[in-house]
Structure formats: structure tokens, C-alpha cells
Amino acid sequence: MFCPACGVKNEPGTLKCFVCKQTIRPLDAPGPLSGARPRTIRVVNSVESIGSVGDRFLALLFDRALLGALLLLVAALLQSENRPSLERQFAGIRWIGIGGPIALALIIFLYHVALESAFGATLGKAMLGLNVRNESDRNRFMAAVIRNALRPIDAIALYAVAFFVAVFSPRKQRLGDLLAKTIVLEYRIHPAARAMFLFIWVALVGGSVWLAWTFCPSCLAVPLP
């Protein structure tokens with residue numbers, strides 16, 4: 001059944017909405033809500049249900065491809081312009097092997113926190129019609145920080161931890177969602193909006209790869225056997 005206040009889909013027999021905590025009147029209960037339910041019908045057009053684990057994983061792949069393309073561009077710039085000085089400065093401590101994973105984790109954390117706190121979704125989630133909803137009294141920024149601070153644990157074994165926790169969670173929440181008290185909802189996104197987000201993603205990924213090849217063609221060259 002759908003909440004008459006916010007339109008979110010709840011489990012059958014639920015007395016209070018798990019998002020806005022408003023009382024849900026059963027469909028067969030007497031009163032003005034039994035029948036037409038005009039407000040519910042209008043809201044359901046934009047809100048569907050809790051986001052599926054499959055859609056969230058697909059959104060994650062889109063986000064990782066985008067970040068990978070942007071990091072490739074940064075690496076090409078460093079390789080083409082600053083390679084001698086960087087090699088002399090960091091050769092002794094092998095900064096790429098030590099600092100690289102830390103820098104990557106930090107970039108992923110900042111990417112998710114910035115977009116989820118500002119818009120409720122990363123570009124990958126926006127393409128799939130997913131939105132992160134904060135259920136707690138804390139502000140959206142702190143909820144996004146807590147949610148993504150647990151991402152390294154959820155990402156263990158290629159996100160196997162997040163997958164199993166979400167699958168066995170009643171509302172498909174991974175460990176970060178449970179501690180931050182957030183939930184990922186699925187919205188019915190207009191095809192034009194989905195096409196716009198897809199165009200932005202393709203432009204960013206394609207543009208980054210093209211610029212990386214322009215600045216450092218040898219970085220993307222595949223040696224012949």
C-alpha cells in the first residue's frame with residue numbers, strides 16, 4: 001500500500017509509513033480515504049518503491065566507470081607533464097602503490113558524499129531513477145558521510161558484504177544505510193530526463209578518455225604481440 005502523505009510504497013498491513021511516519025489508513029477502513037484516494041494516485045506517478053539491489057549495482061558500475069575515466073585523465077596529465085619530477089620525488093617510497101589506493105578511496109568518498117548530500121543521488125543513481133532518502137533527524141550531509149564512511153566495509157569482496165546485507169534486509173539497506181538510517185528509493189524518471197543524464201555520463205566518460213589520449217597517447221597505446 002502507498003502512504004497518502006508522501007506516496008512511498010509500504011508493506012501490506014503497515015500502520016505507519018516507514019519514511020514520513022504518518023498513519024496509513026487501511027483501504028477497507030471507513031472514511032473519506034476509502035475509495036478514490038486522489039492524493040495517493042497523483043504521488044504514485046513519481047514514486048514507485050524501494051530501489052532494487054540490481055539497479056543499485058548497475059548505478060554503481062556507471063559511477064565507477066565515470067570516476068575511472070576522470071582518474072585516467074588526471075594520470076595522463078601527470079604522465080605527460082610531470083613524470084621526471086614525480087619519479088625523482090616518490091621513487092623511494094613507491095607512492096603509486098601506497099598513495100594510489102588511498103587517493104582513490106578518498107575520491108570515491110567525496111564523490112558520493114557531495115552528490116548525495118546535495119542532490120540525493122550520484123549520476124549513476126540519477127540515470128537509474130534512484131534517490132537516497134534520509135530517515136533520521138541528522139542533516140543530509142552527515143547522513144551521506146556516515147553512509148559512505150561504511151562503504152569500504154560494504155565493498156569487501158566486490159561488494160559481497162553489501163549484497164548479502166541488502167538482500168536479507170527488509171528494505172534492501174546495506175550496512176551503511178542501516179547505520180546512517182538512509183534508504184534508496186526508486187522513482188519513475190521521465191525518458192527525457194534519463195536521456196539527459198545518459199548524455200552527460202557519455203560526454204564526461206568519452207571526453208575524459210579522448211583528452212587522456214590527446215595529452216598522453218602512449219598511456220593508452222596497446223602494445224602489439
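Guide: A nonpolar core is a set of buried Ala, Val, Leu, Ile, Met, Phe, Trp, Tyr and Cys residues joined through side-chain atoms within 4.5 Å. Buried here means under 20% relative accessible area. Keep in mind that the model above is predicted.

Visitor: How many residues has the largest nonpolar core, and which have the most contacts inside it?

Guide: In general, nonpolar side chains of soluble globular proteins tend to be buried together. In this model the largest nonpolar core has 14 residues. L66, L123 and W201 are those with the most contacts inside this core. At least two core residues come from each of α2, α4 (95-119), α5 (123-128), β2 (130-134) and α10 (191-215). The largest share is that of α2, which supplies four residues.

Visitor: Before going on, how many helices and strands does the protein chain have?

Guide: The chain has 11 helices and three strands. Along the sequence, their order is α-β-α-α-α-α-β-α-α-α-α-β-α-α. Of its 225 residues, 33% count as buried.

Visitor: What does the same check give for α8?

Guide: Helix α8 covers residues 156-168. Its 13 residues should span 18 Å at 1.5 Å a residue, and its end C-alpha atoms lie 17 Å apart, which agrees.

Visitor: Which residues of α8 are buried, and which are exposed?

Guide: Y159, A162 and A166 are buried in α8. They lie on the same side of α8, because they cover an arc of only 45° around the axis. A157 and F168, on the other side of α8, are exposed.

Visitor: Which residues lie nearest the centre of the second largest pocket?

Guide: To read a pocket, look at its volume and then at its lining. The second largest pocket holds about 270 Å³ of space. Its lining has 15 residues, and those nearest the centre are R56, F57, L60, Y159 and A162. Two of these names, Y159 and A162, came up above as buried residues of α8.

Visitor: Which elements give two or more residues to that lining, and what classes of residue does it hold?

Guide: The elements are α2 (53-81) and α8. The most comes from α2, with six residues. By class, the lining has eight nonpolar, one polar and six charged residues.

Visitor: Is G13 buried or exposed?

Guide: G13 sits in the segment before α1 (38-44). Its relative accessibility is 59%, so it counts as exposed. The C-alpha atoms of G13 and I24 are separated by 9.0 Å, with the two residues 11 apart along the chain.

Visitor: What is phi at K172?

Guide: Most residues other than glycine have a negative phi. K172 is not a glycine, but it has a positive phi of about 55°. K172 is in the loop between α8 and α9 (175-180). Its relative accessible area is 31%, so K172 is partly exposed.

Visitor: Where is K181, and what is its phi?

Guide: K181 is in the loop between α9 and β3 (182-187). Phi of K181 is near 60°, again a positive value in a residue other than glycine.

Methods. Residues are numbered from 1 along each chain as its sequence is written. This is a predicted model: local features need pLDDT of at least 70, side-chain atom pairs count only at pLDDT 80 or more; totals for chains, interfaces and linings use all residues. Side-chain values use heavy atoms; hydrogens and water are left out. The expected span of a helix is 1.5 Å times one less than its number of residues. Buried means under 20% relative accessible area, exposed over 50%, partly exposed in between (1.4 Å probe, protein chains only). The arc is that of the directions from the helix axis to the C-beta atoms. On a 1 Å grid over the protein atoms alone, a cavity is a set of points where a 1.4 Å probe fits but cannot get out, and a pocket is an open set with protein on both sides within 12 Å along at least five of seven lines; lining residues have an atom within 4 Å of a point. Grid points are joined across faces, edges and corners, and a volume is the space filled by probe spheres set on the points. Ala, Val, Leu, Ile, Met, Phe, Trp, Tyr, Cys and Pro count as nonpolar, Asp, Glu, Lys and Arg as charged, and the others, Gly among them, as polar.
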